[in-house]
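Hello! Here are a few friendly notes to read alongside the model. Please keep the viewer open as you go through the points.

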Amino acid sequence: MTEDRTDADRPRADGTAVTPDGPTDEGLVQPSHPSPGHGTAARDEVVQRGLYFEELEVGARYVHRPGRTLTEADNVLFSTLTMNHQPLHLDAAWSATQPFGQRLVNSLLTLSTLVGLSVGQLTQGTIVANLGFGEVAFPHPLFHGDTLYAETVVTAKRLSRSRPGQGVVTLEHTGRNQDDVVVATATRAVLFLCREQG
């Protein structure tokens with residue numbers, strides 16, 4: 001014999017039950033301990049982080065999403081904060097008379113955003129230091145309103161000879177706009193933590 005259940009008896013998607021008197025917390029997992037700054041935490045936590053040295057695969061292509069749409073406000077703020085008064089970034093009337101016919105997104109904003117888009121997937125909490133950049137190129141400009149999408153290929157890795165528990169990784173970043181046109185490339189060396197040091 002099957003038991004008839006009304007919609008009011010069915011559990012909701014969030015795990016609470018609905019009774020004639022309203023929702024209850026029956027069936028919810030209760031936190032086992034408080035989490036600093038967050039009130040309470042579940043028994044099992046998954047903390048967002050990048051990848052440790054051992055987790056990075058040479059030849060793997062890491063695609064970073066979402067992209068970032070760069071606006072006029074972003075460009076003007078970045079350029080003025082960094083004391084870059086280049087009229088190609090700030091003067092719309094003058095830029096209209098130049099070969100591209102409009103202002104360009106500051107290339108260092110493009111580079112910073114390209115690297116920034118990779119952080120959550122690769123280096124968040126797992127980086128020791130950014131060791132330096134190799135070749136950087138901007139084969140096509142970004143304009144206000146363009147969206148930058150990033151991907152990274154690991155081209156080399158080795159354990160550090162002088163810093164136990166750490167490794168040097170070479171990353172090759174590529175940025176494309178919304179039309180899949182490459183707008184920036186950059187190679188950089190990064191010092192990563194090994195898993196046992198994390």
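1. Let's begin with a question: which residue in E7 does Val168 stand opposite? The residue is Leu191. Please remember throughout that this is a predicted model.

2. Next, look at the strands around that pair. Strand E6 covers residues 166–176, and 11 bridges join E6 to E7 in an antiparallel arrangement. The two strands form a hairpin, with five residues between them. In the turn you will find Asp180, whose phi is positive, at about 70 degrees.

3. Strand E7 (residues 182–193) also pairs with strand E4 (residues 127–137). This pairing is antiparallel too, and it runs over seven bridges.

4. Now turn to Gln166, which is found in strand E6. Is Gln166 buried or exposed? Gln166 counts as buried because its relative accessibility is 12%, and the cut-off for buried is under 20%.

5. What does Gln166 touch, leaving aside residues up to four places away in sequence? The list consists of Val128, Leu159, Ser160, Leu191, Phe192, Leu193 and Cys194.

6. The side chain of Gln166 makes a polar contact with the side chain of Arg163, at 2.6 Å. From C-alpha to C-alpha, Gln166 and Thr126 are 9.9 Å apart in space, while 40 residues separate them in sequence.

How values were computed. Residues numbered from 1 in each chain as written. Predicted model: local features only at pLDDT ≥ 70, side-chain atom pairs only at ≥ 80, totals over all residues. Heavy atoms only, no water. Pairing = 2+ DSSP bridges. Helix = DSSP H or I, 4+ residues; strand = E, 2+ residues; numbered from the N terminus. Buried < 20%, exposed > 50% of the residue type's maximum accessible area, 1.4 Å probe, protein only. Contact = heavy atoms within 4.5 Å. Polar contact = N/O pair within 3.5 Å; in protein donor to acceptor, adjacent residues only side chain to side chain.
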